[in-house]
Amino acid sequence: MSRESKPKAQNKIDRREFLAVAAVAATVAACEQPKKSFISPISYPEGYLPGAPTWVSTTCGMCPAGCGIQVKVLDGNAKKIEGNPAHPVNHGRICARGQAGLQLLYHPDRVTQPLKKATAGALQPATWPEAIELVVARLRTLREQGQSDRVAVVTPHLTAGRKALVDAFLRALGAGTDKHIVHEILNAEPLRAANRLLFERAEIPVYRLDQANLVISFGADMLGTWLSPVHYTQDYGVFRNGSTGRERRGRWVHVEPHLSLTAANADVWLAPKPGTEAAVALALAHVIVRDGLGRGDLDATAWKEALAAFDPARVAELSGVQADRLESLARELASVKPACVVAGTNQASNATALAAAAQILNWLTGNLNDTVRFQAETAPAAADLARLSRLKASLEGGQVKAIFFIDTDPLFTLPGRLGFANALGKADFRVAFATVPNDTSAACDLVLPLATYLESWWDATPAAPVGRTVANLGRPVVSAMHESRPAEDVLLDILGGLGVPRPAANFETFLRERWSSIHKGSGQKGSSDEFWQAAVAAGGWWSQKDSTLPVTPKESRLLDGLREAAGAASRSEATSPEYKFVLYAYPSTRFYDGRHAALPWLQELPDPLTTVVWNSPVELHPDAAQTLGVKDGDVVRVESPEGAIEAPVLVFPGIRPDVVGVPIGQGHRENGRYASGRGINPLSILSLKTDEGSGSLALAATAVLVKPTGKRARVVRSQGSPYDMGTGVIQTISAKELDAAHGVRHTPPKPLHGEQVKWGMTIDLDRCTGCGACMVACSAENNIPVVGEDHCSKRRDFRWIRVERYWPDGGNLLATEGPAARFLPMMCQHCENAPCEPVCPVYATSHNQQGLNVMVYDRCVGTRYCSNNCPYKVRYFNWFEFQKMWAAPLERQHNPEVRVRMDGVMEKCTFCIQRIRTASDRAKDGGRRPLADGEVLTACQQSCPADAIVFGNLKDPEARATRQAQDARGYRVLESLNTVPSLTYLRKVTA
């Protein structure tokens, strides 16, 4: 008889039975094995309270830039990554990739334990003792055969202690340090080669963009992916008339065949034929020398002779840039003081010549030792293609029997023509240290779970010098997840298994010993141990004074370098009647060189220029698309002599008609559930052309043909029309109009809500670069889920803040005067006369006492009337329980201070109300009221590298937000609707 059919009296349980059952349950619970604790064993600072967040300083490891970060740790879980305000590289700001580091830590497809290849070829689970013993046995066999030197280690950009440990490992095995190959497909070796040629200084210069009044950049995407984007974007914010004492708004000219993020934010974008950028630079030098506009202490005859071939008329014919533009730009460069000329490094086969031409321009116009300085650095050189080819030959010939890959994926980043995959298959033993499976780890005999930079001890120097000595230090901020270990500790364990003397017991000890030498050179007082503890707490050590050194070049050496560069500069990348296009493979602002494609936040972050999510199309100019008879979504086949790829077309005005653009980053065969089999990899069909001066692979020097296939495929973009349709949503002001409006103040409406506090925001569109850091920061702070490609295609994206990109009217960017793109961050405007409020039948949205438009999720019944009534379309309906789509353990990234919403409710930006409350409580406890200006930073404001977003109390006349709201450039979006937004935009300035 079922329980439901029993008489009611039989369902009762008396007190005796209850106590007996409870006693048995308690006994069973006491006998259970304790569950693994995720509480970090690391010693927290004095005063730590369980349940209260702790901010731990460390270093970002998402790219070589070396930004300082602070990680919010709550009960052993990392919850948020923000910039370290004290760090000289990024001063508290951080990019989208840096914010997404949490998802590397909590990725559901992490390698959780060692995997060894079975007889059948599949990877099978193993234990760490088995894995170590397997490596030791293989290396012991090589040693017994007298071949212990036949070992190689491939790593990404490593500096300081990490490189020293890898080198010590190789020396202990009997192999030379030349067997340590630093593989970075995006590197600055052409720049080093040019400075060695001209100045005998093989270093990366310190570029002081914040002190320049004119910047000319040749292919250097300084705001997107080049060297240190956050650092340069901060300088860009100041460059746009953002600091006290600047006499003028800086003017930026960018020269590149493809519209990069830097080109989109420049005042002028010039698009020469690929490979002719060096000729353009030398044409400027030709005009300056010819007309005597530069230095007066040079041998004019020798310089004119060396530059004779670069007459503007001839260069115009070669490059496609008009001669009069070259003449006027040369005169502007010579007259504006100070200026700065910067050259990119990876595009063409004459990249070193371009870098040398840029430095010659800096010398001619007096910028050397001013906005362009030098600082001693010890960063190792990245391997050139010749070095990688020798490694391939060594694998094929048996000179390398065992090879270790540490957090690098050369099978993805190297051209297929090189044949590295086949050569790797001939090695006797292949080991990969990987956090998430990748193409290279899939081809290895042993895969070891690599601890992330948030679980490890490590140190490094920044990729780009900043004028001060900087030594970064990374530390574990949480206990290691799964069975992951730092590669350096594993290498030490291998040496121990071989009976070879270990350099240190573990890598932390190794670092402490090395940092004693840093302490001696720092001039800091106190013991070495005190210095170490201070560095651990701060996330590194950096000097407080300028460490740049003047350069005094010899004119004869400059002339020799010019003559050498001139030969390489006198050509463009070759095409043919069959291969009519040049493939422009460019680094992605989201995925860098592909190493971050596995992170869902970045997959759903729109590309700032194409607005594409979750894929990688082939970019064609409208004229080229018309000639080929294709449109958006038509699949084309891009063929080079080395191979072919197929992808849908995106008609993109930001590219030359003779160029095909494809971003690097997608196209992985193995990279977890979010990236595997998604998009295309343009690196796979590159030719083996290299830069003549440095040997680095040229990313934009491969001739291709494009064929329609007749197929269609989906291209998912986050934005509809790229034009504002005359609505005035995005507004600009010319420099002349701005000068005429000097002293005029914009008068915003008087706040209607809030007695003492009325929160509001300003966004300076002249500073905003469209990088998207604010979007990922908002997602991380407010537990905003990704929805996936299918939902994005149905316009169900879920970001509370979106960065809209608009083209100028007409859309012919190659002929447009002024900035090529306008970016508009759009979130809830917190309107004083909010159209969403009166239509809500359950009063789920309303104003609070501090003037915020709030959402009460428990009241919302999902009518969506508020969304229908919102003219800004900044309310997002939770159609499904998107939060449940997070694969474990990604839910551990959730911020416990923000409610995780359920399906069927509306949500939107709240101006980070949880941060307002936290700051208010802190001020109340300290007896301080009201809050000081700047005491509350929204997540988007805190991350913005350009300092474009300002949040504050509009009732405070001295608040920065209040003063900016009165700027002559101020306007409010759709102000004629009388919604009275609490957000003021400052118009973008055009030339």
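Visitor: Is the crossing of α4 and α17 left-handed or right-handed?

Guide: This is a predicted model: local features need pLDDT of at least 70 and side-chain atom pairs count only at pLDDT 80 or more, while totals for chains, interfaces and linings use all residues. Residues are numbered from 1 along each chain as its sequence is written, and side-chain values use heavy atoms, with hydrogens and water left out. A crossing is left-handed if the near helix is turned anticlockwise from the far one by less than a right angle, and right-handed if clockwise. With helices (DSSP runs of H or I, at least four residues) and strands (E, at least two) numbered from the N terminus, the crossing of α4 and α17 is right-handed.

Visitor: At what angle do the axes of α4 and α17 cross?

Guide: Axes are lines fitted to C-alpha atoms, for helices over the stretch in contact, and angles run from 0 to 180 degrees between N-to-C directions. The helices to follow are α4 (residues 128-144) and α17 (residues 487-498), whose axes come within 9 Å. They cross at roughly 60°.

Visitor: What do we call α4 relative to α17?

Guide: Angles under 35 degrees count as roughly parallel, over 145 as roughly antiparallel, 65 to 115 as roughly perpendicular, and the rest as oblique. The axes of α4 and α17 cross at roughly 60°. That makes α4, relative to α17, oblique.

Visitor: How many residues in the contact of α4 with α17 are charged?

Guide: Contact means heavy atoms within 4.5 Å, and here it is made by Trp128, Ile132, Val135, Val136, Leu139, Arg140 and Arg143 of α4 with Val490, Asp493, Ile494, Gly497 and Leu498 of α17. Ala, Val, Leu, Ile, Met, Phe, Trp, Tyr, Cys and Pro count as nonpolar, Asp, Glu, Lys and Arg as charged, and the others, Gly among them, as polar. The contact then divides into 8 nonpolar residues, 1 polar, and a number charged that comes to 3.

Visitor: Which residue in β36 is the bridge partner of threonine 762?

Guide: Another open sheet has 4 strands in the order β34-β27-β36-β35, with mixed pairing. β34 (949-953) and β35 (970-971) stand at its edges with a single partner strand each, so one side of each has no neighbour in the sheet. Strand β27 (residues 759-764) runs parallel to β36 (residues 983-986), and 4 bridges join them. In β36, the partner of threonine 762 is threonine 984.

Visitor: What is omega for the cis peptide bond between alanine 888 and proline 889?

Guide: Most residues other than glycine have a negative phi, and most peptide bonds are trans. Proline 889 sits in the loop between β32 (876-877) and β33 (906-907). For the cis bond from alanine 888 to proline 889, omega is about 5°.

Visitor: What is the relative accessible area of cysteine 912?

Guide: Buried means under 20% relative accessible area, exposed over 50%, and partly exposed in between (1.4 Å probe, protein chains only). Leucine 227, with a positive phi of about 60°, counts as buried at 15%. Cysteine 912, in the loop between β33 and α27 (913-925), has a positive phi of about 50°. Cysteine 912 is buried too, with a relative accessible area of 6%.

Visitor: How many of the 11 residues of α7 are buried?

Guide: Helix α7 has buried residues that include Tyr232, Thr233 and Phe239. They pack against α2 (96-99), β8 (206-207), β9, β10 (251-255), α8 (261-265) and β37 (988-990). α7 is mostly covered, and its count of buried residues is 10.

Visitor: How far apart in space are alanine 946 and threonine 769?

Guide: Alanine 946 lies in the loop between α28 (939-943) and β34 and counts as buried at 2% relative accessibility. Leaving aside neighbours within four places in sequence, alanine 946 is in contact with Thr233, Gly237 and Arg767. Alanine 946 and threonine 769 are 177 residues apart in sequence, while their C-alpha to C-alpha distance is 7.4 Å.

Notes. Two strands pair if DSSP finds at least two bridges between them.
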